[in-house]
Amino acid sequence: MSTYTAARQSYLQDQVLAASPARLVTMLYDRLLLDLSRAEGALELDDWAGARGHLIHAQRIVTELMTTLDVDAWDGAAQLHAIYAYALSTLLTASTTRDPGLVTSVRELLEPIRSAWHEAATNLPALRSAAPNGSLGVA
């Protein structure tokens, strides 16, 4: 492993360890959408070897989002879980059929959710400072 690669991995690990929960979710979504875009491009070029790794990584991220989602935390959580389940199922089908259209449909489904998470993460510090004693009243 080169010095540059080791330094980059260390930097990325530090970023993840220091990130707030909201920032971690946005980081996952950013990487998920990047993987989906790369998989789409590779499939369109009939580069299955290139697409496969991105699809597997995207599936792992969706699985992480599903397993860490507390479906009892808020009213919309069950619906979000269903979206994740659909996305995972569609990505698995895309992996077996090598259909870039399926990957595109998942990317288009998840892009607005990614934007919403980014907006929420951006507004979270403003919400904390506006709340009494800087808290949101949640543990």
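**Notes on an all-helix model**

1. Let's start with R107, which sits in helix α5 (helices are DSSP runs of H or I of at least four residues, strands are runs of E of at least two, and both are numbered from the N terminus). This is a predicted model, where local features need pLDDT of at least 70 and side-chain atom pairs count only at pLDDT 80 or more, while totals for chains, interfaces and linings use all residues. Residues are numbered from 1 along each chain as its sequence is written, and side-chain values use heavy atoms, with hydrogens and water left out.

2. Is R107 buried or exposed? R107 counts as buried because its relative accessibility is 15% (buried is under 20% relative accessible area, exposed over 50%, partly exposed in between, with a 1.4 Å probe and protein chains only). Its side chain makes a polar contact with the side chain of E111, at 2.9 Å (N or O atoms within 3.5 Å, one able to donate a hydrogen and the other to accept it within protein; residues adjacent in sequence count only if both atoms are side-chain atoms). Setting aside neighbours within four places in sequence, R107 is in contact with L33, L36, S37 and E40 (heavy atoms within 4.5 Å).

3. Of its 139 residues, 28% count as buried. Among contacts with a separation of 6 or more, 57% are between residues 24 or more positions apart.

4. Have a look at V62 in helix α3. V62 is buried, as its relative accessible area is 1%. Not counting residues up to four places away in sequence, V62 touches L32, Y84, A87, L88 and L91.

5. Two loop residues are worth a check of the backbone. D46, in the loop between α2 and α3, has a phi near 55°, which is positive in a residue other than glycine. R98, in the loop between α4 and α5, is another non-glycine residue with positive phi, near 60°. D46 is exposed, with a relative accessible area of 72%, while R98 is partly exposed at 46%.

6. Now the largest pocket, with about 670 Å³ of space (on a 1 Å grid over the protein atoms alone, an open set of points where a 1.4 Å probe fits, with protein on both sides within 12 Å along at least five of seven lines; lining residues have an atom within 4 Å of a point). Its lining has 18 residues, and P21, A22, V25, W74 and W117 are the closest to the centre. Helices α2 (21-44), α3 (48-68), α4 (77-97) and α5 (100-130) each supply at least two lining residues, with the largest share, six residues, coming from α5. The lining divides into 14 nonpolar, two polar and two charged residues (Ala, Val, Leu, Ile, Met, Phe, Trp, Tyr, Cys and Pro are nonpolar, Asp, Glu, Lys and Arg charged, the others, Gly among them, polar).

7. Finally, confidence. Mean pLDDT is 84, and 77% of residues reach 70 or more (pLDDT is the predictor's confidence in each residue, from 0 to 100). Helix α1 (residues 3-18) is lowest, at a mean of 56, and α4 is highest, at 97. Over residues 127-139 the pLDDT is below 50, and this stretch has six contacts in the model beyond near neighbours in sequence. Where pLDDT is low, the predicted coordinates should not be read in detail.

Terms used: Grid points are joined across faces, edges and corners, and a volume is the space filled by probe spheres set on the points.
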